[in-house]
Amino acid sequence: MSALPFTLAAAASLLLPGTLPAAPGLANVRASQRAGTNLVDIRYDLGTTNPGGLLVRVSVSTNGGLSYTLPATNFSGDIGPGITGGANKLIVWDAARDWPDKFSTNVFFRLAASDMVLIPAGSFTMGNCMDP
């Protein structure tokens, strides 16, 4: 499988001021494709004093940022819950697994960070557990 050449255009777009909305605590977001591979490195700085870290999410757009609807799930690295603050955090996207045999010069990434927690699907009891 050949490398996905779209990320060079996306990386250049990500580096332009105002092209990527950043959540509070996120800065210096940039992306680049590893030469000869289908792997995309997304680097960022995360500022937080929350000792439990933040929930970091990535959305992918294939239309220049008009919508972020690609159902990308093949990420690894500094993504998900409990990501502590620091510089040069790394998320790796295996683009070929989520978007095989595709090409675009309009791929954008949107990162979001929050101190919300993920609650898995399932049943729960609603009400005040403090009342006897």
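**A walk through the core**

Analyst: Happy to! Let us start with the chain as a whole. Read along the sequence, the chain follows the pattern α-β-β-β-β-β-β-α-β. That comes to 2 helices and 7 strands. Please keep in mind that this is a predicted model. The chain has 132 residues, and 36% of them count as buried. Among contacts between residues at least 6 apart in sequence, 66% join residues at least 24 apart.

In soluble globular proteins, nonpolar side chains tend to be buried together. Here, the largest nonpolar core has 23 residues, and those with the most contacts inside it are Ile42, Tyr44, Val60, Trp93, Phe109 and Leu111. The elements that give two or more residues to this core are β1 (26-33), β2 (39-46), β3 (54-61), β6 (86-94) and β7 (108-114).

Leaving aside residues up to four places away in sequence, isoleucine 42 touches Arg30, Ala31, Val58, Phe75, Lys89, Leu90, Ile91, Phe109 and Leu111. Two names in that list, Phe75 and Phe109, will return when we come to the rings. Isoleucine 42 also has a neighbour to compare by distance: serine 32 is 10 residues away in sequence, and the two C-alpha atoms are 6.7 Å apart in space. Serine 32 lies in strand β1 and is partly exposed, with a relative accessible area of 36%.

Next, the rings. A pair of aromatic rings is described by the distance of the centres and the angle of the planes. The count for this structure comes to 2 aromatic pairs. In one of them, the rings of phenylalanine 75 and tryptophan 93 have their centres 6.2 Å apart and their planes at 25°, so the pair is stacked, the cut-off for stacking being under 30 degrees. Phenylalanine 75 belongs to strand β4 (residues 75-77) and tryptophan 93 to strand β6, so this pair ties together parts that are 18 residues apart in sequence. Both phenylalanine 75 and tryptophan 93 are buried.

Tryptophan 93 also pairs with phenylalanine 109. Their ring centres are 5.6 Å apart and the planes are at 80°, so this pair is edge-to-face. Tryptophan 93 sits in strand β6 and phenylalanine 109 in strand β7, so the pair ties together parts that are 16 residues apart in sequence. Tryptophan 93 counts as buried because its relative accessibility is 0%, where the limit is under 20%. Phenylalanine 109 is buried too, at 0% relative accessibility. Taken together, Phe75, Trp93 and Phe109 form one aromatic cluster.

Strand β7 runs antiparallel to β3, and 7 bridges join the two.

Not counting residues up to four places away in sequence, glycine 86 touches Tyr44, Asp45 and Leu46. Glycine 86 and leucine 46 are 40 residues apart in sequence, while their C-alpha atoms are 5.3 Å apart in space. Asparagine 88 is in strand β6 too. Although asparagine 88 is not a glycine, its phi is positive, about 60°. At 39% relative accessibility, asparagine 88 counts as partly exposed.

Aspartate 101 lies in the loop between α2 (95-98) and β7. Its phi is near 55°, a positive value in a residue other than glycine. Aspartate 101 is exposed, with a relative accessible area of 64%, whereas tryptophan 93 is buried at 0%.

Technical notes:
Residues numbered from 1 in each chain as written. Predicted model: local features only at pLDDT ≥ 70, side-chain atom pairs only at ≥ 80, totals over all residues. Heavy atoms only, no water. Core = buried A, V, L, I, M, F, W, Y, C linked by side-chain atoms within 4.5 Å. Buried < 20%, exposed > 50% of the residue type's maximum accessible area, 1.4 Å probe, protein only. Helix = DSSP H or I, 4+ residues; strand = E, 2+ residues; numbered from the N terminus. Contact = heavy atoms within 4.5 Å. Phe/Tyr/Trp six-rings, centres within 6.5 Å; stacked < 30°, edge-to-face > 60°. Pairing = 2+ DSSP bridges.
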